[in-house]
Amino acid sequence: MSNKAAPPKRESNLELNKMIDAKVHVKCLGGREIVGTLKGYDELVNLVLDDADEYLRDPEDADKITDQKRKLGLVVVRGTQVSLVSPEEGREEIANPFMADDEE
């Protein structure tokens, strides 16, 4: 028998519990962006979103997201694909200072 104490359980630095039943914006690896109501999650950051919509990409530029949406309904987003979860309320897009303007 080992006298080693079990390491303390790490708590997640995500505060997803505060966003349950709220509209969230999820950015995934690969560029997909989904907006929906957060209904649940687990320790691996697998997310359950209800009434979800996916923002579609520009057909001419696959790196650019358009304002067009595709209705998804109830979805599970695997935690391995999640790169960002933010509340939709108060969200504002700002210009990227590292991107060169097309006008220059």
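Q: Which side chain does Glu33 meet in a polar contact, and at what distance?
A: The side chains of Glu33 and His25 are joined by a polar contact of 2.8 Å. A polar contact here is a pair of N or O atoms within 3.5 Å, where within protein one must be able to donate a hydrogen and the other to accept it, and residues adjacent in sequence count only if both atoms are side-chain atoms.

Q: Before we go on, what kind of model is this?
A: This is a predicted model, in which local features need pLDDT of at least 70 and side-chain atom pairs count only at pLDDT 80 or more, while totals for chains, interfaces and linings use all residues. Residues are numbered from 1 along each chain as its sequence is written, and side-chain values use heavy atoms, with hydrogens and water left out.

Q: Back to Glu33: where is it found, and is it buried or exposed?
A: Glu33 belongs to strand β2, and with a relative accessible area of 12% Glu33 is buried. Buried means under 20% relative accessible area, exposed means over 50%, and partly exposed is in between, using a 1.4 Å probe and protein chains only. Strands (E, at least two residues) and helices (H or I, at least four) are DSSP runs, numbered from the N terminus.

Q: What else is Glu33 in contact with?
A: Leaving aside neighbours within four places in sequence, Glu33 is in contact with several residues, including Val26, Asp53, Glu54 and Arg91. Contact means that heavy atoms lie within 4.5 Å.

Q: How accessible are Arg32 and Glu54?
A: Arg32 is partly exposed at a relative accessible area of 37%, whereas Glu54 counts as buried at 8%.

Q: What does Glu54 do with Arg70?
A: The side chains of Glu54 and Arg70 also meet in a salt bridge, at 2.4 Å from N to O. This pair links distant parts of the chain, with Glu54 in strand β3 and Arg70 in strand β4, 16 residues apart. Through salt bridges that share partners, Arg32, Glu54 and Arg70 are joined into one network.

Q: And which salt bridge has Asp53 in it?
A: Asp53 meets Lys71 through their side chains, at 3.6 Å from N to O. Lys71 lies in strand β4 (residues 65–77) and Asp53 in strand β3, so this pair ties together parts that are 18 residues apart in sequence. Lys71 is exposed at 56% relative accessible area, while Asp53 is buried at 14%.

Q: How many salt bridges are there in the whole structure?
A: A search of the whole structure finds seven salt bridges.

Q: New topic: how many helices and strands does the protein have?
A: The protein has zero helices and five strands.

Q: How many residues are in the largest nonpolar core?
A: The largest nonpolar core has 15 residues, and Val26, Leu47, Leu49, Val77 and Val85 have the most contacts inside it. The elements giving two or more residues to this core are β1, β2, β3, β4 and β5 (82–87). A nonpolar core is a set of buried Ala, Val, Leu, Ile, Met, Phe, Trp, Tyr and Cys residues joined through side-chain atoms within 4.5 Å.

Note on methods. Salt bridge = Lys/Arg side-chain N within 4 Å of Asp/Glu carboxyl O.
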